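Student: Could we go through this model together? I would like to start with the strands.

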Amino acid sequence: THAIAPRSGILDIAPYIGGASHADGVAEIVKLSSNENPWGPPASAVAALERAARTLNRYPSTDHLALRTALGEVHDLDPGRIVCGAGSDEIIALLCQAYSGPGTEVLHTRHGFSMYKISALAAGATPVDVPETDRRVDVDALLGAMGKATRLVFVTNPGNPTGTMLTPDELVRLADGLPADALLVLDGAYAEYADDGYDGGAALVTERENVVMTRTFSKAYGLGGLRVGWAYAAPDVIDVLNRVRGPFNLGDLQLAAAEAALHDRDFVTRTVSETKRLRGWLAEALAALGIPSDPSSANYVLARLADQAEAEACEAHLRAEGLLVRKVAGYGLPECLRITIGDEAACRRVADNIARFRGQGV
Ligand code: PMP
């Protein structure tokens, strides 16, 4: 117990567990546990960061206009409907702070990202865990769970850790079924890795005032350490988020580096297409070992082992070789391991070591 008790709900928060970044006794690790871009950060972003460092005596921009304008150009969106945050994590937290609270519900799906629940509890709201079916968001289950108290519905598309996608029709059904006071949040952290043409739900946001899209520089842009995310939403929602966010939530280093990365189309195009190629290669290599995975639309593959014991043994075997992959029992997938697509050498090493692990019949 705590000497001074925080508000109710806070002690129900299970602290966020990130991907492992070291292995005991192994000097050289290959980190395939946090869905990072193995070819980042882009050199253009590092150069911009160094230039921006020269004026660090000044406070940063409060309105992020330059970055929002660049986002608007690249994605063909109105910069007035964009808000930037310290990672999409901050956007998720701001949405919960502003739209949920005691007596209200925040819906998330069984295998969805853990920050939805953490941010809902931090805001005093009740998180509602909605089941998925065969590692896919279940639209009917979500529609059935919506009610008068629902304020936010978080859907990760492509899903993390599943890598599966909802169809455009399913997204429309979800938006159509929203209760009066609720927002549908489409978390597009991995949208760049989906089929060409997926816009993260942007067109749906343009059409409806109750749909929000969140995006990040942490994955395809190779800038997880920078902490820049953004949301595209109706002007009312943007106005609300601008009222609750800190005025200097992004520093000049972040703003400058993100803007440079955004203009570096070659980096994103090249690394996303290489990731897609290796994703197909790894899925086939696993299938050849008798390990199934769903077709992935993200920069990882969710390998399905026989059961939790085998998944844990396989993860430990890989860790002993310095290969870090993610156990996802906490996301309701105890028999699975999520393997981030690394460079070609990393993909080959992980496949070879899983083959050796299976061969040993551990
Ligand atoms: N949403 C999803 C689905 C994620 O996987 C992550 C990163 N793990 C985030 C949001 C948060 O990303 P960031 O705060 O780095 O933008």
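Tutor: Strand 3 (residues 105–109) and strand 4 pair in the parallel sense over five bridges; strands pair if DSSP finds at least two bridges between them. Strands here are DSSP runs of E of at least two residues, and helices are runs of H or I of at least four, numbered from the N terminus. This is a predicted model, in which local features need pLDDT of at least 70, side-chain atom pairs count only at pLDDT 80 or more, and totals for chains, interfaces and linings use all residues. Residues are numbered from 1 along each chain as its sequence is written.

Student: Which residue stands opposite Glu 105 in strand 4?

Tutor: That residue is Thr 126.

Student: What is the order of the strands in the open sheet?

Tutor: The seven strands follow the order 2-10-9-8-7-3-4, with mixed pairing. At the edges are strand 2 (82–85) and strand 4 (126–130), each pairing on one side only.

Student: New topic: where is Lys 219?

Tutor: Lys 219 is in the loop between strand 9 (211–216) and strand 10 (229–232). An unreviewed UniProt entry lists Lys 219 as "modified residue: N6-(pyridoxal phosphate)lysine"; UniProt positions use the numbering used here, feature names are shortened, and annotations may be inferred rather than shown by experiment.

Student: Why does Lys 219 count as buried?

Tutor: Because Lys 219 has 28 C-beta neighbours inside 10 Å. A residue is buried if 20 or more other C-beta atoms lie within 10 Å of its own, exposed if 12 or fewer, and partly exposed in between, with C-beta atoms placed from the backbone.
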